[in-house]
Amino acid sequence: MKVSHKKIDDINANITVDLAPEDYNPQVDKAIKDQAKKAKLPGFRPGMVPTGHIRRTYGKSILFDEVNKVVNDKIAEYISENKLEVLGQPLPIDEEVNYNWDFKDSFNFTYEIGLAPEFETPFTKETEFTEYDIKADTETLESRIKNLRRSYGKMTNPEVSEEGDVLYATLKQEGEEGIEKTTSVRTDIIEDAKIKKSLSGLKKDDSVKIDVKKAFKAADLARILGITEEEAEAIAPAKFELTVKNINRLEESELNQEFFDKLFPAGEVTTEEVFKEKVTEEVENLFKQNSAQKLRNDLYTFGMEKVDVKFPEEFLKRWLKATNPNITEQELEEGFADFINNLKWTIIENRIVTANNLEVKYDEVINLAKERIYAQIKMYNINEEPADEQLSQYAIQMLQDREQANRLFEEAKALKVFDHLKTVVKLKSKKIDYDKFEKLA
């Protein structure tokens, strides 16, 4: 058996496999014997079918399968031994050779492969990046406190509407065949200031005419009227009459001990001053994630811009078609640029991992899964503190799903690369208010 490869250029090559009968017949004979033991055929006792009968009946099919297995195994072995950084999978080159498939043929198969381009990773101690220390500005802090107070507030039904109320109302379109729907209307999502103002000061059974196309985005209008977004888009800018049935208002919770104890362990917070300190700490801890994401994005952008290389695009398109037979030419072309960008960054990450012997351990993936589960639980119940054992059980269950396991592994690898790059590049710390940071992001 002989396996060799020939470079066409820096990113394309061919792999050739030459097989003689002695290279594949041992595997074929074994496969035929195994088939004979398992076969259940009329006229033969189970496990007693002669191998000669199997060879005559199924021989060529078995030969074809076993030759393919031998070829694929040897190509994989050759790629590994020669440390070829292959993109996609080898694709067979169709050649007009008619084999007898009589267990005596010498086979010659040629495959095309795409090679990853050579480049140096651009991150050095000379490259400088900014790591932002984000502080909670007054507006952001007040908004967070307001949301917390509303989350633990109570619903009331005032007699007169104000901005921010939810109106339970009937919306009736002008015209004999117009839409009519009794539904809840949130006044805080209305985009037109004049319409929003017209919905304040209303009482039960009061009516007002509004242009719903000016008042709502298509998605909101569709939800309110119980129609599709396409139907909402198609509505003519005709007036709707809104008639109030009831007024709902979420009153904010008072800043008292009962409220503090709902958010924090009993007695930990006893004054408004300490409450604001705790909320500031919570908000700024969340901002650390924003800061880390900004730095990751900056590192990604820098790497993508500095690594200017070509890929075997024609090969990759053929490979994508071969592995996704239902993909259309239009879908392929529209998504190909994103595919190349993802591939490029994956190669950059892999080069960093290999060059620095970085390793993603199972415990790290488990811990990442636990973090994601914990964050999800806290999102719905701020006071719930799940036990570590419970989180571990959830994490193990999550990793039994291969797709989620692969996603978490890739995320853990990305975090490991990010942490490593922070030790390589030059980092400059800068304090910034969140409202100013938002403009950067």
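Is Lys-428 buried, exposed or partly exposed? Lys-428 is partly exposed, at a relative accessible area of 41% (buried means under 20% relative accessible area, exposed over 50%, partly exposed in between, with a 1.4 Å probe and protein chains only). This is a predicted model, where local features need pLDDT of at least 70 and side-chain atom pairs count only at pLDDT 80 or more, while totals for chains, interfaces and linings use all residues. Residues are numbered from 1 along each chain as its sequence is written, and side-chain values use heavy atoms, with hydrogens and water left out.

**Salt bridges**

- The count comes to 29 salt bridges (a side-chain nitrogen of Lys or Arg within 4 Å of a carboxyl oxygen of Asp or Glu).
- Let's start with Arg-351 and Glu-85, whose side chains form a salt bridge at 2.7 Å, N to O. This pair ties together distant parts of the chain, 266 residues apart: Arg-351 sits in helix H11 (residues 329-355), and Glu-85 in the loop between helix H2 (51-81) and strand S3 (86-92). Helices (H or I, at least four residues) and strands (E, at least two) are DSSP runs, numbered from the N terminus.
- Arg-351 is buried, with a relative accessible area of 15%, whereas Glu-85 is partly exposed at 33%.
- Back to Lys-428: its side chain meets that of Glu-128 in a salt bridge at 4.0 Å, N to O. Here, too, distant parts of the chain are linked, with Lys-428 in strand S11 (residues 426-433) and Glu-128 in strand S5 (residues 128-135), 300 residues apart. Glu-128 is partly exposed, at a relative accessible area of 43%.
- Glu-174 and Lys-209 pair up as well, in a salt bridge of 3.5 Å, N to O. They are 35 residues apart, Glu-174 being in the loop between strand S7 (166-173) and strand S8 (180-186), and Lys-209 in strand S9 (residues 207-211).
- Glu-174 counts as partly exposed at 42% relative accessibility, and Lys-209 counts as exposed at 51%.
- There is also a network: salt bridges with shared partners join Glu-371, Arg-372, Arg-407 and Glu-411.

**Helices H10 and H11**

- Helix H11 turns up again here, alongside helix H10 (residues 313-323): their axes come within 11 Å and cross at roughly 120°. Axes are lines fitted to C-alpha atoms, for helices over the stretch in contact, and angles run from 0 to 180 degrees between N-to-C directions.
- That makes H10 and H11 oblique to each other (angles under 35 degrees count as roughly parallel, over 145 as roughly antiparallel, 65 to 115 as roughly perpendicular and the rest as oblique).
- On the H10 side, the residues making the contact include Leu-316, Trp-319 and Leu-320, and on the H11 side they include Phe-336, Phe-339 and Leu-343 (contact means heavy atoms within 4.5 Å).
- The residues of this contact divide into eight nonpolar, no polar and five charged. Ala, Val, Leu, Ile, Met, Phe, Trp, Tyr, Cys and Pro count as nonpolar, Asp, Glu, Lys and Arg as charged, and the others, Gly among them, as polar.

**Positive phi angles**

- Lys-83 has a phi near 50°, a positive value in a residue other than glycine. Lys-83 lies in the loop between H2 and S3 and counts as exposed at 74% relative accessibility.
- Phe-103 also has a positive phi, near 75°. Phe-103 is in the loop between S3 and strand S4 (107-115), and is buried, with a relative accessible area of 16%.
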